[in-house]
Amino acid sequence: GVQLENNGSLTLVSNQSYDRLVAPFAIRANTVIPVGDYQSTRYTASLNSGNNRKLGMTASAAWGGFWSGTNTTYTAGLTARPNYHLNVDLSYSRNDVTLPVRNGRFTTGLVGAKIVYGFTPRAFFNAFLQYNADTHQVSSNLRFDFIHHPLSDLYVVYNDRRDTTGRLLLERGLIVKLTHLLNF
């Protein structure tokens, strides 16, 4: 790879993998990878504009073996830092998969947004939202963190997952966690 002066980078990576399945693996509801040994090589080319500006971008393409077939993945990301309180990351990922099994040709897509806001050095809000075009579901994870003493936090977390085709709520959770460091 090449590291640029502005902290950006250009990289090319080759990765070899070996997997052994001892039981069939359902990669999708109607697509099953059979038992066996799988060896593959994947290549990834990526570009990063650097993270020292108010606006940054990333892009990558990966291609090569995937179980007994092939997979090509394209990803793109945009990061905005309008001020020292706020950070917004937007991302898109697309996978084109071809496998020599029944229903082995499919495409998946993910769109994500991550938002981080720092109210003070001791209070933060994080939000992660994701849309899965394959399952037609939206997932959200919202977290508030308040550091009430050094190494002691109060977390309030809300998670949910919704089906966009029927506008159904599939899961919902609210979690409160309090940590407190005790010195002995």
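Trainee: How many helices and strands does the protein have, and what makes a stretch count as one?
Mentor: The protein has zero helices and 13 strands. Helices (H or I, at least four residues) and strands (E, at least two) are DSSP runs, numbered from the N terminus.

Trainee: Where does this model come from?
Mentor: It is a predicted model, in which local features need pLDDT of at least 70 and side-chain atom pairs count only at pLDDT 80 or more, while totals for chains, interfaces and linings use all residues. Residues are numbered from 1 along each chain as its sequence is written, and side-chain values use heavy atoms, leaving out hydrogens and water.

Trainee: What radius of gyration does the protein have, and what would a compact globule have?
Mentor: The protein has 21 Å, whereas a compact globule of 184 residues would have a value near 16 Å. The radius is taken over C-alpha atoms, and the globule rule is 2.2 Å times the number of residues to the power 0.38.

Trainee: What share of the residues count as buried?
Mentor: Of the 184 residues, 23% do; buried means under 20% relative accessible area, with a 1.4 Å probe and protein chains only.

Trainee: Which residues does L21 contact, leaving aside neighbours within four places in sequence?
Mentor: L21 is in contact (heavy atoms within 4.5 Å) with I33, P34, V35, G36, Y38 and W67.

Note on methods
Buried < 20%, exposed > 50% of the residue type's maximum accessible area, 1.4 Å probe, protein only.
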